[in-house]
Each structure stands twice: as C-alpha cells, then as structure tokens.
Amino acid sequence: MSDLSGKLGLIVGVANKRSISWGIAQAANAAGARLALTYPSARLEENVRELAASLNNPLLLPCDVTSDQQIAELGVSLEREFGGLDFFVHGAAFAQKDELSNPFLQTTREGFRIALDVSAYSLIGLSRAVAPLMERRGGGSILTLTFIGSERVFTNYNVMGVAKAALESSVRYLAADVGPRNIRVNAISAGPIKTLAAAGIADFSSILGVYRERAPLRRGVDQSEVADAAIFLLGPAGRAVTGEVLMVDAGFHVVGF
Ligand SMILES: NC(=O)c1ccc[n+]([C@@H]2O[C@H](COP(=O)([O-])OP(=O)(O)OC[C@H]3O[C@@H](n4cnc5c(N)ncnc54)[C@H](O)[C@@H]3O)[C@@H](O)[C@H]2O)c1
C-alpha cells in the first residue's frame, strides 16, 4: 500500500458509511494522511461528523458543490487550516429521481442541467479552487469516480451516463491543463456498489446481477477495492499516471458476448 503519511487531502462526497468516498477516506487515513471532509447541507453534517470522529484529526467544512461561493470559501478555509493540499477526491454526483426512471427521451432541460452541474462541472470548479494549494506543495493528485454508463447504455442510468461522459472528458482536459504544475487528474470507473446514490437508480439490483453473471471475476466490487485503487492513484505509486480512467469493475468492461 502507498504511504500517504504527512499528506493533506480533501474528500468531497461522504454521505454515510456506504459512500465510496468514505471507503477512500478510511484507506487514506490508515495510510497516514490528514483529511478534510465536506458536507453539502446541515442535514448531512451530523452523519459526516459522526463518521469523521474515527479519523485522525479531521477537518470538517461545508460545501454544496452547486455554489461557487461555497467552493471559494472551501478553498479559503483549506488555505487557512492546511496551508496546502496534496490530493482531492471528488465523489459528488446527483440526478433527480424521475430522470433515473423515466424513458431517456423524457429527460428535462432542468434535470439535465442539475445532473451535469453537480456531477461533472463540480470537478472543474473544485479543481480550480484546490490547484493553487497543490502547487504550493509541489503538485498533487485529483481523483473522481465514474461508471461505464458513460459509454454504454444501462437501463435507467440515463442522464447520469451523459454526466459521466462529460466528467471523464473533463478529467482529460483538466489533466492536460494542470499537468505542467505537476497536478495529476484521474478517474476510477467502479463496478456497481449499493450506496445512497445507487438507490436512486430504478432497478439497480439488476445491474448488480449482470456483473455477477458476466464479469470475468463473476462478482461485483466493494468499497474497499475501489479505495485500494484510489490510494494507488493518490499516492507516489501513481506518480506518472494522469488523464486515466482506471476500470475497477471485476473486468466487466472487457466482455462482449
Ligand atoms: N455506487 C455505485 O455503484 C457507483 C459506481 C460507479 C461510480 N459511482 C460514483 O461514485 C461517486 C460516489 O457515489 P456513491 O455511490 O458513493 O454514493 P453516495 O450517495 O454515498 O455519494 C454521493 C455523494 O454526492 C454528494 N452530493 C450530492 N449533491 C451534492 C451537492 N450539491 N454538493 C455536494 N455534494 C453533493 C452526496 O452528499 C453524497 O455524499 C458518484 O460520483 C457515483 O456516481 C458509484
């Protein structure tokens, strides 16, 4: 396992103990990093605070990623408290419930806007806020989470698939933009995991079933497996990897017929 001792990290996207971002937070904490966790609303603050209590000296900050002001304030707070940043994990995503059950043809302008804003644009806005902090530490690593629904059709994934395509493209453009400052940008494309976000997708369990049947490893993946791959990309072992979408999906992506 890569050593993150002495590293400072920001993790956006912890909602509860099932969150993929929480798995990454636990692994990064165990590898020696000090973490800042965010909560998007007062309603979720209590959850995140309870979880964070098991981490080593965590920092808790508010950030609704739809607000430019809150993103800017997050940057200011991180500068004041940490003075710099080594890595940032982006695990925020959202689409309205109807958009994840209605036929894709019925996607609304507002539903499209919200899904792309929260799930894709936020990576750009947050990266802009943290890049100067990373530069101060000689570089850094940014990681987001995506799903193969960006490239292939999964029933009910709908506008979230479009958002993930935008997110993956943003990873490549950001990597090219901030690479000269020694900041890397990557994504992990995870297999399906039962989380709060997944619960919003109608009939999600049938996606899980397809992985158990067809993935080369004949199973899905769990939070800790995504977290282990994340630690590789966040830490020194991944130092030459950028602009990449790493498939952590029990091999599902290679299967045709
Ligand atoms: N669960 C899966 O099967 C799976 C598979 C591949 C990729 N992913 C991706 O992993 C990431 C994490 O999702 P998860 O499955 O752990 O579910 P999750 O519900 O635990 O995490 C989603 C997070 O997004 C946050 N969020 C939503 N709107 C926000 C806003 N306006 N401001 C700030 N935060 C906001 C939520 O608070 C939550 O913490 C998402 O990008 C998701 O698309 C999930």
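These legends describe close-up views of a predicted model.

**View 1. Seven strands form an open sheet.**
The strand order is E3-E2-E1-E4-E5-E6-E7, and the pairing is parallel. Strand E3 (59-62) lies at one edge and strand E7 (245-248) at the other. Each of these edge strands pairs on one side only. From one strand to the next, the twist averages 20°. In general, strands of a sheet pair through backbone hydrogen bonds, either parallel or antiparallel.

**View 2**
Alanine 190 stands opposite valine 248 of E7.

**View 3. Helix H2 packs on the sheet.**
H2 spans residues 42-52. This helix touches strand E2 (34-39) and E3. The direction of H2 makes about 160° with that of E2.

**View 4. Helices H3 and H4 pack together.**
H3 runs over residues 68-81 and H4 over residues 109-136. Their axes are 10 Å apart, at an angle of about 20°. Angles under 35 degrees count as roughly parallel, so H3 is roughly parallel to H4. The crossing of H3 and H4 is right-handed. H3 brings Asp68, Ile71, Leu74, Gly75, Leu78 and Glu79 to the contact. H4 brings Tyr121, Gly125, Leu126, Ala129, Val130, Leu133 and Arg136. By class, the residues of this contact are eight nonpolar, two polar and three charged.

**View 5. Helix H4 also packs with helix H5.**
The H4 and H5 axes are 8 Å apart and meet at an angle of about 20°. That angle makes H4 roughly parallel to H5. This crossing, too, is right-handed. On the H4 side, the contact residues include Phe112, Leu116, Leu123 and Ile124. On the H5 side, they include Val159, Met160, Leu167 and Leu174. The contact of H4 with H5 has 14 nonpolar and three polar residues, with no charged ones.

**View 6. Phenylalanine 147 and tyrosine 157 form an aromatic pair.**
The structure holds four aromatic pairs, and this view shows one of them. The rings of phenylalanine 147 and tyrosine 157 are 5.0 Å apart, centre to centre. Their planes are at 65°, and the pair is edge-to-face. Both residues sit in the loop between strand E5 (140-146) and helix H5 (158-178). They are 10 residues apart.

Methods. Residues are numbered from 1 along each chain as its sequence is written. This is a predicted model: local features need pLDDT of at least 70, side-chain atom pairs count only at pLDDT 80 or more; totals for chains, interfaces and linings use all residues. Side-chain values use heavy atoms; hydrogens and water are left out. Two strands pair if DSSP finds at least two bridges between them. Helices (H or I, at least four residues) and strands (E, at least two) are DSSP runs, numbered from the N terminus. Axes are lines fitted to C-alpha atoms, for helices over the stretch in contact, and angles run from 0 to 180 degrees between N-to-C directions. Contact means heavy atoms within 4.5 Å. Angles under 35 degrees count as roughly parallel, over 145 as roughly antiparallel, 65 to 115 as roughly perpendicular and the rest as oblique. A crossing is left-handed if the near helix is turned anticlockwise from the far one by less than a right angle, and right-handed if clockwise. Ala, Val, Leu, Ile, Met, Phe, Trp, Tyr, Cys and Pro count as nonpolar, Asp, Glu, Lys and Arg as charged, and the others, Gly among them, as polar. Rings of Phe, Tyr and Trp (its six-membered ring) pair if their centres lie within 6.5 Å; planes under 30 degrees apart count as stacked, over 60 as edge-to-face and the rest as tilted.
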